[in-house]
Amino acid sequence: MNYALYQSGTDLLAPWQGFAHGLAPLLRPLHPLQPGAALLRRASAALEVLSELRVTHKRPAFNLAPVRMGNALAEIGEEEVFATPFGRLLHFRKDSDLPQPRVLVVAPMSGHFATLLRGTVQVLLQDHDVYITDWANARDVPAEAGRFDLDDCIGHIIRFLEEMGGEERAPTHVLAVCQPAVPVLAAVSVMAQTRNRHQPRSMTLMAGPIDTRLNPTEVNRLAQSKPIEWFERELIDTVPWRFAGHGRRVYPGVTQLSAFMSMNLHRHGRAFATQYENIAAGALAASEAHKRFYGEYFAVMDLTAEFYLQTVRSAFQENELPRGTMHWRGERVRPDAIRRTALLTVEGENDDICGIGQTMAALDLCSGIPVTMKRHHLQTGVGHYGVFNGRRWANEIYPVVREMIQTTS
């Protein structure tokens, strides 16, 4: 992808989409029986769908709903605890003094913002004091800030857990969703090896690529099919001049979005066709649900080139962690060194991104954890997204996660 060319096209299209967004409500008929009402509704619906087909590069708001604490509802506020140019530790502060286990949710860096886990966080807030890794969009980070690679990601996770206070304040737990399962397992391993006093009480790895040699998916096969030089040549580009990170080499978020959509192009096309019909028919609830999902899905973030390429090579091509060849700042990463942190792995039966067994492999790697402190949960009937969002997450997976945290706090 030519980043500068893509951005020029986006800039040219933006005013027209803004025009469509403004014109759409003006075309809606005032009365269902007025002449041409059906035609106006459909014209308005077409303009509204056109305005929604827009990629953004800014993090959406979390907009979390209040949660019940005892007999009252507690409002949720956002508090920055610690920050670097590449990410910040964000605390979802509740207006309550009730002590609860602290949970660090490590969000994926795979083209979307941490707000993709809004549903995950909303459910966790019922019983936990929740923090999240709010990663920065690499195109907004000045080149002077330096590099951010896989080692730096692991270092950030360790630092975030240390900032949360560990045993000095309240029991701390860590939960990784998808791609960060690898750096989280590495971070906890390093903390165990260095006898860091802020080691978490439990670690939950959800649909993460710990060992992609097991039941490889189409995503895994693609990563294996090309040499790392191909990924660098074909997928890495330079941030255009007018952004804060101009000159930085990145894996553009829109490239990742295109790859995700191409895997299910028919389904996405059908979703927008249905959205057109819903708007035209006045089905507001269904229309708003579509807007919420795709508003989040089309908000993308760039990754630094070095982080992306190292992740592809380490996790998907060379399988360094399960092979025992992964190193962090010169020292070998040893999951078998973990003794004090309980482990829960979660997988989805229909996951087409992370195959069954890939996350569960962590149980064998962490041979130093007693059997009584390890557990696996395979959720039937869900794909990748359903592992951490939606009804099955809230009603069937979350109780397992909550039990693991409660019994180790």
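Here are legends for close-up views of a predicted model. Local features need pLDDT of at least 70 and side-chain atom pairs count only at pLDDT 80 or more, while totals for chains, interfaces and linings use all residues. Residues are numbered from 1 along each chain as its sequence is written, and side-chain values use heavy atoms, with hydrogens and water left out.

View 1. Helices (H or I, at least four residues) and strands (E, at least two) are DSSP runs, numbered from the N terminus. Strand β4 covers residues 87-94 and is mostly tucked away, with 6 of its 8 residues buried (under 20% relative accessible area, 1.4 Å probe, protein chains only). Strand β3 (residues 76-84) pairs with β4 in the antiparallel sense over 8 bridges; pairing takes at least two DSSP bridges between the strands.

**View 2. Strand β4 beside strand β6.** Here β4 pairs with β6 (residues 129-135), again antiparallel, over 5 bridges. For R88, the bridge partner in β6 is D134.

**View 3. Helices α9 and α10 crossing.** The axes (lines fitted to C-alpha atoms over the stretch in contact, with angles from 0 to 180 degrees between N-to-C directions) of α9 (residues 265-281) and α10 (residues 284-297) come within 9 Å and cross at roughly 140°. The contact (heavy atoms within 4.5 Å) includes H268, F272 and I279 of α9, plus H290, K291 and Y294 of α10.

How values were computed: Buried < 20%, exposed > 50% of the residue type's maximum accessible area, 1.4 Å probe, protein only.
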